[in-house]
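User: Could you take a close look at the aromatic rings in this model and explain, step by step, how they sit within the chain? I am new to this, so please give the cut-off for each term when you use it.

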Amino acid sequence: LAGLWPFLRALGVRSRADIGLAFGPGWWRNLGKGFVLGFASLALFILVALAAGARSWDSERTGAQIVHHLLNAGLSAAVVAVLEEVVFRGGIFGGLKRAYGLAWGLAISSAVFGLLHFLASPELSHAVDWTSGLEALPGMLAGLGDIQRLVPGLFNLVLVGLLLALAFHRSGTLPAAIGLHA
């Protein structure tokens with residue numbers, strides 16, 4: 001988070017509006033549309049998985065447990081959606097689109113979005129020193145070596161990245177993509 005603003009400045013971002021965070025009259029409407037579309041598509045996916053028998057309903061949960069889980073998931077979704085959309089769509093996609101055009105911006109930012117979701121957080125066996133980053137790098141990249149997980153997961157994440165970038169591009173502001181992501 002500390003490096004986010006210098007990173008965005010290096011991409012040519014000078015204001016919130018440059019990354020799609022201009023709070024104009026349609027801001028709430030775009031956020032709501034994105035959220036409803038994302039929620040509806042997730043609900044449809046869950047219903048199909050339940051109907052196909054790929055998942056089953058856990059009837060052992062209490063109402064309090066369900067509400068607690070939904071609140072935790074909602075808070076996490078809101079924070080992650082804002083951070084990832086500012087970085088990936090507002091920063092990376094916006095910068096690449098300005099520099100190389102829409103097609104390259106979509107392709108590269110979506111690929112980066114997908115690949116970065118496979119980085120792991122390895123445990124260090126000693127105190128942090130100047131070589132710690134080099135020692136941690138192979139462990140961080142280990143997720144890229146699991147082809148059984150990588151192929152379907154990377155395809156899905158790149159597709160999600162494309163859809164989120166298109167939502168940002170089409171609306172001209174980040175709220176639609178933030179709502180969809182959340």
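**The aromatic rings and their setting**

Read along the sequence, the protein chain follows the pattern α-α-α-α-α-α-α, and its secondary structure comes to seven helices and zero strands; here helices (H or I, at least four residues) and strands (E, at least two) are DSSP runs, numbered from the N terminus. This is a predicted model, in which local features need pLDDT of at least 70 and side-chain atom pairs count only at pLDDT 80 or more, while totals for chains, interfaces and linings use all residues. Residues are numbered from 1 along each chain as its sequence is written, and side-chain values use heavy atoms, with hydrogens and water left out.

Let us begin with the rings themselves. A pair of aromatic rings is described by the distance of the centres and the angle of the planes. The structure holds four aromatic pairs, where rings of Phe, Tyr and Trp (its six-membered ring) pair if their centres lie within 6.5 Å, and where planes under 30 degrees apart count as stacked, over 60 as edge-to-face and the rest as tilted. One of them is formed by Trp-27 and Trp-28, an edge-to-face pair at 4.7 Å centre to centre with 80° between the planes. With a relative accessible area of 16%, Trp-27 is buried, whereas Trp-28, at 66%, is exposed; buried means under 20% relative accessible area, exposed over 50%, and partly exposed in between (1.4 Å probe, protein chains only).

Another of the pairs joins Phe-93 and Phe-168, which are also edge-to-face, at 6.0 Å centre to centre and 70° between the planes. Because Phe-93 lies in helix α3 (residues 63-100) and Phe-168 in helix α6 (residues 147-171), this pair ties together parts that are 75 residues apart in sequence. Both Phe-93 and Phe-168 are buried.

Charged side chains also meet rings here. Lys-97 lies over the face of Phe-168, at 6.0 Å from the ring centre, and Arg-89 lies over the face of Phe-113, at 4.4 Å from the ring centre. A charge sits over a ring if NZ of Lys or CZ of Arg is within 6 Å of the ring centre and within 35 degrees of the ring normal.

The C-alpha atoms fill a box of roughly 50 × 50 × 30 Å, taken along the principal axes, and of the 182 residues 27% count as buried. Among contacts between residues at least 6 apart in sequence, 71% join residues at least 24 apart, where contact means heavy atoms within 4.5 Å.

Two further residues give a view of another part of the chain. Ala-136 is placed in helix α5 (residues 132-140) and counts as buried at 12% relative accessibility; leaving aside residues up to four places away in sequence, Ala-136 touches Pro-122 and Leu-124. His-126, by comparison, is found in the loop between α4 (102-116) and α5 and is partly exposed, with a relative accessible area of 32%. With residues up to four places away in sequence again not counted, His-126 touches Ser-132 and Glu-135. From C-alpha to C-alpha, His-126 and Arg-14 are 40 Å apart in space and 112 residues apart in sequence.
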